[in-house]
Amino acid sequence: MVKVTIEFDGGAEVFTGDAVSCVVMTNEPDGTRSCSMLKGAFRRSFPRILADACFSQVRASQKNHSPLDQLEALAAFSGKTLELMGQEIEANVGRPQVSYKETITKAATVDTRYARQTGGKGQFAHVKLMVEPNEPGKGYEFINQITGGAIPKEFIPCVDQGIQGAMQAGVLAGYEVVDVKVTLLDGSYHEVDSSEMAFKICGSMAFKEACQKAGPTLLEPIMKVVVTAPESYMGDVMGDINARRGQIAGTDIRNGAAIVTANVPLASMFGYATDLRSKTQGRATYSMEPSHFVELPKSLQEKIIHGSN
């Protein structure tokens with residue numbers, strides 16, 4: 001399995017001879033991932049967040065070596081088949097998807113039991129835990145407050161593992177959960193039926209249940225966008241940014257050129273290069289980089305949640 005990104009402007013349809021770009025999932029020291037434009041010898045780097053947001057699952061017909069290892073400047077793209085060095089690759093092509101995150105907005109406590117009996121040895125685990133929002137950017141934090149051996153020490157890491165597995169799977173729309181603090185308060189075990197797997201499953205169940213009570217919400221990635229255009233197009237540029245749910249952070253005029261800095265949701269930036277060229281007659285340029293995450297408006301959350309389900 002080789003994962004690349006097919007990224008292009010102008011919608012979700014491409015035809016033979018169109019220029020597309022493959023994002024090669026290689027980490028660079030500056031936090032970007034390199035990519036190559038398949039048509040021509042143009043090379044550039046995408047921000048990590050954009051590389052993660054774009055998508056295309058690619059299967060090479062030959063398993064022994066990746067076609068990306070022999071990537072050349074020219075390639076033909078027709079329908080859903082990309083030919084590289086005589087090898088056929090099937091690709092799912094479409095509008096790039098945004099990598100949202102999930103988090104919680106308030107604290108919640110749950111008391112969860114996991115018990116299964118299948119005729120032989122059963123499965124039993126019991127945990128009581130509290131989830132609460134962590135500081136933005138601080139990530140996941142696990143605190144063990146078990147005392148008196150209510151849960152044996154060897155089972156505590158299993159609860160932690162179950163929680164982290166549930167975080168990766170998401171609790172709202174299938175996106176990773178971030179910035180959550182979990183405190184293991186209490187629990188119990190059975191001398192015969194309790195096991196590492198039982199406590200791992202119980203920890204996952206408890207975390208999901210707690211998050212559902214803790215006001216789960218979606219976070220969307222925000223990009224820092226800097227647009228440079230002739231001063232006469234400044235109003236058009238700012239109006240377009242506002243229409244994309246962007247917030248103007250600053251403006252400057254240098255030698256007749258307007259420089260507009262804004263924070264814009266990544267979801268609104270796809271196709272921006274084409275629109276900007278159209279509005280400024282090709283006389284404007286822009287750059288963007290990951291900035292931060294903010295809560296997605298509730299009206300948009302409903303669409304994404306229903307779409308994922």
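**Note on the predicted model: sheet, helices and selected contacts**

1. Strand β12 is joined to strand β14 (residues 180–188) by 8 bridges, and the two strands run antiparallel. Helices (H or I, at least four residues) and strands (E, at least two) are DSSP runs, numbered from the N terminus, and two strands pair if DSSP finds at least two bridges between them. Within this pairing, Leu-129 has Leu-184 of β14 as its bridge partner, and Val-131 stands opposite Val-182 in β14.

2. On the basis of the model: this is a predicted model, in which local features need pLDDT of at least 70 and side-chain atom pairs count only at pLDDT 80 or more, while totals for chains, interfaces and linings use all residues. Residues are numbered from 1 along each chain as its sequence is written, and side-chain values use heavy atoms, with hydrogens and water left out.

3. Strand β12 (residues 123–133) is also joined to strand β11 (residues 108–116), by 9 bridges, and this pair runs antiparallel. Ala-115 stands opposite Phe-124 in β12. The two strands form a hairpin with 6 residues between them, and Gly-119 in the turn has a positive phi of about 105°.

4. These strands belong to an open sheet of 4 strands in the order β11-β12-β14-β13, with mixed pairing. β11 and β13 (141–144) stand at the edges with a single partner strand each, so one side of each is left without a neighbour in the sheet. From one strand to the next, the twist averages 25°. In a regular strand the side chains alternate between the two faces of the sheet.

5. Two helices lie across strands of the sheet. Helix α2 (residues 156–169) lies across β12, β13 and β14 and runs at about 150° to β13. Helix α3 (residues 196–213) lies across β11, β12 and β14 and runs at about 35° to β12. Axes are lines fitted to C-alpha atoms, for helices over the stretch in contact, and angles run from 0 to 180 degrees between N-to-C directions.

6. The axes of helix α4 (residues 234–243) and helix α5 (residues 272–280) come within 10 Å and cross at roughly 150°. That makes α4 roughly antiparallel to α5 (angles over 145 degrees count as roughly antiparallel). The contact (heavy atoms within 4.5 Å) is made by Asp-236, Val-237, Asp-240 and Ile-241 of α4 and by Tyr-272, Leu-276, Lys-279 and Thr-280 of α5. These residues divide into 4 nonpolar, 1 polar and 3 charged.

7. Val-294 is placed in strand β18 (residues 285–295). At 29% relative accessibility, Val-294 counts as partly exposed; buried means under 20% relative accessible area, exposed over 50%, and partly exposed in between (1.4 Å probe, protein chains only). Leaving aside its neighbours within four places in sequence, Val-294 is in contact with Leu-218, Leu-219, Glu-220 and Ile-222. Val-294 and Leu-219 are 75 residues apart in sequence and 5.2 Å apart in space, C-alpha to C-alpha.

8. For the protein as a whole, the secondary structure comes to 6 helices and 18 strands. Buried residues make up 44% of the 309 residues. Among contacts between residues at least 6 apart in sequence, 71% join residues at least 24 apart.

Conventions: Parallel < 35°, antiparallel > 145°, perpendicular 65-115°, else oblique. Nonpolar A, V, L, I, M, F, W, Y, C, P; charged D, E, K, R; others polar.
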